[in-house]
Amino acid sequence: MKQAYFPWYKAAKKIEVIESDGIKKVFLNGKLYMSWASWDTATQRMVIAQLHNCQFATQQDLCEVFNIHLNSVQKYQNT
């Protein structure tokens with residue numbers, strides 16, 4: 001059977017961060033992984049460390065998605 005092709009379909013990004021109405025949401029493979037208040041930096045640090053420790057993303061991926069420096073990702077992991 002031949003595979004169907006849908007040119008309008010875009011596969012979900014592996015990790016996506018969306019911020020709206022003071023809430024940040026992280027989607028993992030198109031499904032909501034976690035959400036928190038935008039001002040809560042401690043939770044964001046925990047999410048970044050958790051995503052890397054669970055091997056859902058590389059440090060470089062997290063740098064790009066969260067728009068932070070590589071040293072910050074490494075620091076979050078070690079704390």
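## Helix packing

The axes of α1 and helix α3 (residues 70–78) come within 9 Å and cross at roughly 85°. The two helices are therefore roughly perpendicular (65 to 115 degrees). Arg45, Ile48, Ala49, His52 and Asn53 of α1 meet Val73, Tyr76 and Gln77 of α3; contact means heavy atoms within 4.5 Å. By class, this contact has four nonpolar, three polar and one charged residues.

## Basis of the model

This is a predicted model: local features need pLDDT of at least 70, side-chain atom pairs count only at pLDDT 80 or more, and totals for chains, interfaces and linings use all residues. Residues are numbered from 1 along each chain as its sequence is written, and side-chain values use heavy atoms, leaving out hydrogens and water.

## The sheet

Three strands form an open sheet in the order β1-β2-β3, with antiparallel pairing. Strands pair if DSSP finds at least two bridges between them. β1 (15–20) and β3 stand at the edges with a single partner strand each, so one side of each lacks a neighbour in the sheet. The twist averages 20° from one strand to the next.

Strand β2 (residues 23–28) pairs with β3 over six bridges. Lys24 has Trp36 of β3 as its bridge partner. α1 lies across β1, β2 and β3, at about 150° to β3. α2 also lies across β1, β2 and β3, at about 25° to β1.

## One aromatic pair

The whole structure holds one aromatic pair (ring centres within 6.5 Å). Tyr33 lies in β3 and Phe56 in the loop between α1 and α2, so the pair ties together parts 23 residues apart in sequence.

Methods
Rings of Phe, Tyr and Trp (its six-membered ring) pair if their centres lie within 6.5 Å; planes under 30 degrees apart count as stacked, over 60 as edge-to-face and the rest as tilted. Helices (H or I, at least four residues) and strands (E, at least two) are DSSP runs, numbered from the N terminus. Axes are lines fitted to C-alpha atoms, for helices over the stretch in contact, and angles run from 0 to 180 degrees between N-to-C directions. Angles under 35 degrees count as roughly parallel, over 145 as roughly antiparallel, 65 to 115 as roughly perpendicular and the rest as oblique. Ala, Val, Leu, Ile, Met, Phe, Trp, Tyr, Cys and Pro count as nonpolar, Asp, Glu, Lys and Arg as charged, and the others, Gly among them, as polar.
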